[in-house]
Amino acid sequence: LERGSRQIDLKVESGKLQGKGVIARLADVEDRNQAEDLVGYEIWVSRDEFPALEKGEFYWYQLHGLAVTTVAGDRLGTVDHIMETGANDVLVIKPDSISVDDQERLVPYVEDEVVQEVDLETMNIVVNWELDY
């Protein structure tokens, strides 16, 4: 757990999503008062503890910084971050020095329809996206 410059190492015994938050049971936290002292801390998990993904699945952090090109070969820029929306996630693509133009783009992460390929080895995402969208 981390808040400001303070860090506490605790083991998560169980957890679940609830609304926009997380409910977690932490080792050595035995009562409500101890739990209330931890409100406002961010939960950090080492990447080596993430579950393995199936082929074609990606963690958001793996997509940050990847180049984005269209099926026609035009470079749109790189993934700056990803927004979570109700319908689908959205790639926020910022232009870079070799982009076709200087336009920031919001591209929905819809597999097969928009996102054609994600290649972590070449650090590239191919999208079916027109320049004038």
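Residues are numbered from 1 along each chain as its sequence is written, and side-chain values use heavy atoms, with hydrogens and water left out. Because the model is predicted, local features need pLDDT of at least 70 and side-chain atom pairs count only at pLDDT 80 or more, while totals for chains, interfaces and linings use all residues. The structure holds four salt bridges and four aromatic pairs.

**Salt bridges**

- A salt bridge is a side-chain nitrogen of Lys or Arg within 4 Å of a carboxyl oxygen of Asp or Glu.
- R75 and D96 form one of the salt bridges, with the closest N and O atoms 2.5 Å apart. This pair links distant parts of the chain, as R75 is in strand β6 (residues 75–83) and D96 is in the loop between β7 (90–94) and β8, 21 residues apart.
- Strands (E, at least two residues) and helices (H or I, at least four) are DSSP runs, numbered from the N terminus.
- R75 is partly exposed, with a relative accessible area of 22%, and D96 is partly exposed at 23%. Buried means under 20% relative accessible area, exposed means over 50%, and partly exposed is in between (1.4 Å probe, protein chains only).
- K94 forms a salt bridge with E104, where the closest N and O atoms are 2.8 Å apart. K94 lies in strand β7 and E104 in the loop between β7 and β8, so the pair ties together parts that are ten residues apart in sequence.
- K94 counts as partly exposed at 31% relative accessibility, and E104 counts as partly exposed at 40%.

**R105 and its surroundings**

- R105 is located in strand β8 (residues 105–108) and counts as buried, with 2% relative accessibility.
- R105 forms a salt bridge with D101, the closest N and O atoms being 2.9 Å apart. D101 is partly exposed, with a relative accessible area of 26%.
- A polar atom of the R105 side chain lies 3.5 Å from the backbone oxygen of Q103.
- Not counting residues up to four places away in sequence, R105 touches L76, L91, V92, I93, W129 and L131. Contact means heavy atoms within 4.5 Å.

**Aromatic pairs**

- Rings of Phe, Tyr and Trp (its six-membered ring) pair if their centres lie within 6.5 Å; planes under 30 degrees apart count as stacked, over 60 as edge-to-face and the rest as tilted.
- Among the four aromatic pairs is the edge-to-face pair of F50 and Y61, at 5.9 Å centre to centre and 70° between the planes. F50 lies in the loop between α1 (32–36) and α2 (60–63) and Y61 in helix α2, so the pair ties together parts that are eleven residues apart in sequence.
- F50 counts as partly exposed at 28% relative accessibility, and Y61 counts as partly exposed at 31%.
- Y59 and Y61 form a stacked aromatic pair, with 6.1 Å centre to centre and 20° between the planes. Y59 counts as partly exposed, at 21% relative accessibility.
- F50, Y59 and Y61 form one aromatic cluster.

**T69 in strand β5**

- T69 is found in strand β5 (residues 67–70) and is buried, with a relative accessible area of 15%.
- The side chains of T69 and N124 are joined by a polar contact of 3.2 Å. A polar contact is a pair of N or O atoms within 3.5 Å; within protein, one must be able to donate a hydrogen and the other to accept it, and residues adjacent in sequence count only if both atoms are side-chain atoms.
- Not counting residues up to four places away in sequence, T69 touches D74, R75, L76, N124, I125, V126 and V127.

- L17, V22, I43 and V45 form a nonpolar patch on the surface, with about 400 Å² of accessible area together.
- Patches are made of residues with over 30% relative accessible area and no salt bridge: like charges are joined within 9 Å, nonpolar side chains (Val, Leu, Ile, Met, Phe, Trp, Tyr) within 5 Å. Accessible areas come from the Shrake-Rupley method with a 1.4 Å probe; for residues, only the protein chains shown count as cover.
- V22 is in strand β4 (residues 21–26) and is exposed, with a relative accessible area of 54%.
- I23 lies in strand β4 and is partly exposed, with a relative accessible area of 41%. Leaving aside its neighbours within four places in sequence, I23 is in contact with S14, G15, K16 and Q18.
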